Amino acid sequence: PFAMTDEQCLNFGVPPYLYAGVVYTSIGMVSNGYAVVGGCSGSADIDFINQVLPDATPPNNVLAPFWTDLNPAAGGNYYAATISDGLNSWIVLEWEDAPNWGDGELNTFQIWIGYDGYEEINFTYGATLSDGDASFLTVGAEDSTGLSGQNYYVDGTGTLPTFGVDVGVTSIP
């Protein structure tokens, strides 16, 4: 566990993992419910305004399980860990009871990234989950150029994630 503030990215060195055909050894966890594959490199990688993916405007190389305007300064618990079941291993990032900036509703969700030599990325969702801050929310992923990606849900379009849902991120070419 660690503390997060509003509009912050924390970079973590992690075991090598595959994303969009490239191997990475770091990831940036952003306070607004997404991660930057390869880590954040500056303020352009931190944005409370969600995007329709793909979008060439930074941030890019995004894994977005719940991209909305969150306010960790108002509470929640934040975790980054590596875990294994003896056969498979994962990098896990978790936002637990992360409050929306505007209405304070709480959200719990995770990113699971397999690092056993093949690309495996999943988003999972807990029992506390809103429809995003003021209903602005992106669930999706994009590549490092911001030219290839996929949305599962954006601002009311698609299927809003719910408790127990597991969204698998397919390989982004």
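Two strands are taken to pair if DSSP finds at least two bridges between them. In this predicted model, phenylalanine 12 has isoleucine 27 of E2 as its bridge partner. Strand E1 (residues 9-19) and strand E2 (residues 22-30) run antiparallel and are joined by eight bridges. Two residues lie between the strands of this hairpin, where alanine 20 takes a positive phi near 50°.

## The open sheet

Five strands form an open sheet with antiparallel pairing, in the order E5-E6-E7-E8-E12. Strand E5 (77-84) and strand E12 (166-169) each have a single partner strand and stand at the edges, so one side of each has no neighbour in the sheet. From one strand to the next, the twist averages 15°.

Within this sheet, E7 (residues 106-114) and E8 run antiparallel, joined by five bridges. Glutamine 110 has threonine 124 in E8 as its bridge partner.

In soluble globular proteins, nonpolar side chains tend to be buried together. The largest nonpolar core here has 29 residues, of which Tyr17, Leu63, Trp95, Ile111 and Phe123 touch the most other members. Strand E6 (residues 89-99) gives the most to this core, contributing four residues. Another core, of nine residues, lies apart from it and includes Cys9, Val30, Val36 and Ala64.

Leucine 63 has contacts beyond four places in sequence with Tyr19, Ile27, Tyr34, Ala35, Val37, Ile111, Ile113, Ile121, Phe123, Gly140 and Ala141.

## Phenylalanine 123

Is phenylalanine 123 buried or exposed? Phenylalanine 123 counts as buried because its relative accessibility is 0%, and the cut-off for burial is under 20%. This residue lies in strand E8 (residues 121-125). Phenylalanine 123 and isoleucine 111 are 12 residues apart in sequence, with a C-alpha to C-alpha distance of 4.7 Å.

Leaving aside residues up to four places away in sequence, phenylalanine 123 touches Leu63, Ala64, Pro65, Gln110, Ile111, Val139, Gly140, Val165, Asp166, Val167 and Val169.

## Glutamate 94

Glutamate 94 is found in strand E6. With a relative accessible area of 16%, glutamate 94 is buried. Its side chain and that of glutamine 110 are joined by a polar contact of 3.1 Å. Beyond four places in sequence, glutamate 94 touches Met29, Asn77, Tyr78, Tyr79, Thr108, Phe109 and Gln110.

How values were computed. Residues numbered from 1 in each chain as written. Predicted model: local features only at pLDDT ≥ 70, side-chain atom pairs only at ≥ 80, totals over all residues. Heavy atoms only, no water. Core = buried A, V, L, I, M, F, W, Y, C linked by side-chain atoms within 4.5 Å. Buried < 20%, exposed > 50% of the residue type's maximum accessible area, 1.4 Å probe, protein only. Contact = heavy atoms within 4.5 Å. Polar contact = N/O pair within 3.5 Å; in protein donor to acceptor, adjacent residues only side chain to side chain. Axes fitted to C-alpha atoms, helices over the stretch in contact; angles between N-to-C directions.
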